[in-house]
Amino acid sequence: MRIIFFAGKGGVGKTSVAAATGIKAAERGKKTVIMSLDVAHSLSDIFDMEKALINQSKGEPVQVGENLWIQELDIQEEIEKNWGDIHKYLSTLLNTTGLDEILAEELAILPGMEEVSLLLHINRYARNNHFDVVLLDCAPTGESLRFISIPTTLEWYINKIFKIEKTLVKYARPVAKRFYDLPLPGEDYFDAIERLFEKLRGVDALLTDPEKTTVRLVTNPEKIVLKETQRAFMYFSLYKMSIDAIIMNRVLPDAVNEPYFQDWRESQKRYVQEAEDYFQPVPLLPVNLFRGEVLGYDNLKALGDKIYGSRNPLDRFFMGKPYELTKVEGKYQLKMKLPFIEKRDVALHKIADELIVRIGGFKRSVMLPRQVAALDSLKATLEGQYLLIHFDS
Ligand SMILES: Nc1ncnc2c1ncn2[C@@H]1O[C@H](COP(=O)(O)OP(=O)(O)O)[C@@H](O)[C@H]1O
Ligand SMILES: [Mg+2]
């Protein structure tokens, strides 16, 4: 199964690009589902679908063309299917603490439940081979970063906390009953969590396998949008996901040559160039601004043609990691593949959370995670084709 994430800032064109890619994949005979993780679901809208049809779907895939389905999750349905006993315990707990029953039920929808539900679907599709291709129309950057951290966090929770918690509750129950009014979670709760984990097993490996899963960052040639894309690039890399293309959407076509747009055209040109330098060797796929909104099958198909041309949209456009941040003997180390350089050519600068690496006339900047950006000392060494940057306090 092939999985592609479409991520980026709100409004850059994620949903449109995901849908366009879906059309291209389906036309190649691949059974494709586009799933939406944005609460402001808009897949059905851009396919010009009746809202009633999607509402009746109860969060299951709805066919929109030959080989093509869209799926917008319905959290209430997910709770009934996957979260039953967990949700029941949480709402009882909240209700006992004095909250109104309806409010307690609502609040017992924990942040992350929706994301985990989506992971459950992906894993199920991977296990039963129901679809050849799963495309994910992600929520705006911040939320999708939380999403990709979930598999790792869950792994950690089940290994480190869950087993202890389960044992603790077992022994504490008789004592706790005498002192607290709060209900402790019962066997049902723990069993439900264990079942959930069983269903999620392997999803982490699936998402970090570059043969199967890649991320495409959708961006626009504008300063603020690009900054966010750089950040997203760093975080996805940090979680070991492979980014195989940057889709530079909404570039003004050359035909727009009225003086009014002069400044726009110049600044866009600059930002497209900057993005190319920044993200290389990951390819940048430019897409021009259309005459109007990209709605309906035909327009989306035209968008797909613009993005991919004659390429197969399911190919991995880039393999390998442009950089890798690791911890070696307790110290952070950034490893960048830069063949043919010499140490005296390298200059490093750090401005806030951005690391700028200059090698002769070539400039590369990398957004650093907060804990790394806080470290003052920088040192570079060369090891074969790699430049290693060592951070220290
Ligand atoms: N290349 C383009 N040319 C013109 N309009 C576009 C283009 N790409 C996206 N749009 C329009 O921009 C708006 C936002 O796109 P959308 O895909 O919903 O963004 P996101 O999912 O990132 O929030 C939509 O109205 C869409 O039709
Ligand atoms: Mg969207």
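In which loop does A352 lie? I find A352 in the loop between β11 (346-351) and β12 (354-359). A reminder to myself before going further: this is a predicted model.

I looked up A352 for its phi, which is near 50 degrees, a positive value in a residue other than glycine. Most residues other than glycine have a negative phi, and most peptide bonds are trans. Is A352 buried or exposed? A352 counts as exposed, because it has 8 C-beta neighbours inside 10 Å and the limit for exposed is 12 or fewer.

Next I went to E329, another non-glycine residue with positive phi, here near 45 degrees. E329 sits in the loop between β9 (323-328) and β10 (331-337).

Which peptide bond did I note as cis? The bond from Q280 to P281 is cis, with omega near 15 degrees. P281 belongs to the loop between α11 (262-279) and β8 (284-288).

**Helix α8**

I took the length of α8 (residues 187-200) first. The helix has 14 residues, and at 1.5 Å a residue they should span 20 Å; the end C-alpha atoms are 20 Å apart, so the length agrees.

Which residues of α8 are buried? My list reads Y189, A192, I193, L196 and L200. Just after the helix comes G202, with a positive phi of about 95 degrees.

**Helix α12**

The buried residues of α12 are L300, L303, G304, I307 and Y308. Seen down the axis they fall within an arc of 110 degrees, so they line one face of the helix. What covers these buried residues? The cover includes α1, α2 (43-46), β7 and β8. Just after α12 I noted G309, whose phi is positive at about 55 degrees.

**Around ligand 1**

Which residues come nearest to ligand 1? Of the 16 residues around it, the nearest are G13, K14, T15, S16 and F290. The elements that give two or more residues to this shell are α1 (14-27) and β7 (242-251). The largest share, three residues, comes from α1. I also sorted the shell by type and got five nonpolar, eight polar and three charged residues. Both α1 and β7 had already turned up in my α12 entry, among the elements covering its buried residues.

**Whole chain**

Last, the totals. I count 13 helices and 15 strands in the chain. Buried residues make up 33% of its 393 residues. For contacts between residues at least 6 apart in sequence, 71% join residues at least 24 apart.

Key:
Residues are numbered from 1 along each chain as its sequence is written. Chains are lettered from A and ligands numbered from 1 in the order in which they are written. This is a predicted model: local features need pLDDT of at least 70, side-chain atom pairs count only at pLDDT 80 or more; totals for chains, interfaces and linings use all residues. A residue is near a molecule or strand if its C-beta atom, placed from the backbone, lies within 6 Å of it. Helices (H or I, at least four residues) and strands (E, at least two) are DSSP runs, numbered from the N terminus. Ala, Val, Leu, Ile, Met, Phe, Trp, Tyr, Cys and Pro count as nonpolar, Asp, Glu, Lys and Arg as charged, and the others, Gly among them, as polar. A residue is buried if 20 or more other C-beta atoms lie within 10 Å of its own, exposed if 12 or fewer, and partly exposed in between; C-beta atoms are placed from the backbone. The expected span of a helix is 1.5 Å times one less than its number of residues. The arc is that of the directions from the helix axis to the C-beta atoms. Two residues are in contact if their C-beta atoms, placed from the backbone, lie within 7 Å.
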